[in-house]
Amino acid sequence: MIRALELDSLHAGANHVLGRLHEGAQRLGFATRQIARLLGLGDIISEASWESAEARLRRAYELDPDLLVHHYELGILLCRVGRAPEGREILEPVAARNPRHPMDAHYVARSIAALEECDASG
């Protein structure tokens with residue numbers, strides 16, 4: 001993934017995946033993080049932060065705004081880190097959207113559920 005970004009820093013998919021990896025790393029417990037380091041994932045664990053996850057997901061969102069997965073992942077991350085108003089601002093238009101592509105219906109439904117999670121967390 002890092003190599004893909006070295007070749008093309010404007011690749012929305014690579015930014016998205018790295019953002020999700022950083023978010024996932026932040027959600028790991030201490031012991032799991034240590035095991036991940038032993039398994040060779042030390043660079044990702046060391047570089048991961050909520051800020052880097054948001055920056056990568058926001059970059060993917062900006063680079064490919066038509067792909068609803070970018071909206072969903074950024075919106076839910078913002079809700080999870082206590083920034084519910086910002087998360088809602090991104091999720092609400094997705095939840096109200098008419099699906100145009102096969103996966104759109106999935107992310108519309110997930111965004112509706114995420115808004116409930118967002119309300120509960122913030």
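Author: Helix 2 crosses helix 4 in a left-handed sense (near helix turned anticlockwise from the far one by less than a right angle). Helices are DSSP runs of H or I, at least four residues, numbered from the N terminus. This is a predicted model: local features need pLDDT of at least 70, and side-chain atom pairs count only at pLDDT 80 or more, while totals for chains, interfaces and linings use all residues. Numbering starts from 1 along each chain as its sequence is written, and side-chain values use heavy atoms, with hydrogens and water left out.

Back to the pair. Helix 2 covers residues 12–26 and packs against helix 4 at about 155°, with the axes 8 Å apart. Axes are lines fitted to C-alpha atoms over the stretch in contact, and angles run from 0 to 180 degrees between N-to-C directions. The two helices are therefore roughly antiparallel (over 145 degrees). Helix 2 brings A12, N15, H16, L18, G19, R20, H22, E23 and Q26 to the contact (heavy atoms within 4.5 Å). Helix 4 answers with W50, S52, A53, R56, L57, R59, A60 and L63.

Stay on helix 4 for a moment. It spans residues 50–63 and holds both R59 and E62. They sit 3 residues apart, about one turn of the helix. They form a salt bridge, with the closest N and O atoms 3.9 Å apart. The term needs a side-chain nitrogen of Lys or Arg within 4 Å of a carboxyl oxygen of Asp or Glu. R59 is partly exposed, because its relative accessibility is 30%. The cut-offs are under 20% for buried, over 50% for exposed, and partly exposed in between, with a 1.4 Å probe and protein chains only. E62 is partly exposed too, at 49%.

Now Q26, from the helix 2 side of that contact. I45 belongs to helix 3, residues 30–47. I45 counts as buried, since its relative accessibility is 4%. Leave aside its neighbours within four places in sequence, and I45 touches A25, L28, R33, A36 and R37.

A second pair comes next. Helix 5 (residues 68–80) and helix 6 (residues 84–95) pack at about 155°, with axes 7 Å apart. So helix 5 runs roughly antiparallel to helix 6. Their crossing is left-handed. Helix 5 supplies L68, H71, Y72, L74, G75, I76, L78 and C79 to the contact, and helix 6 supplies A84, E86, G87, R88, I90, L91 and V94.

E86 pairs with R83, at 2.8 Å from N to O. R83 is partly exposed at 26%, and E86 is partly exposed at 34%. R88 pairs with E92, at 2.7 Å from N to O. E92 is partly exposed at 37%. R88 has a relative accessible area of 24%, so R88 is partly exposed. E92 and R88 are 4 residues apart in helix 6, which means about one helical turn between them. Elsewhere, salt bridges with shared partners link R20, E23, R27, E73, R80 and E117 into one network. R20 and E23 come from the helix 2 side of the contact with helix 4. The salt-bridge count comes to 11.

Notes
Parallel < 35°, antiparallel > 145°, perpendicular 65-115°, else oblique.
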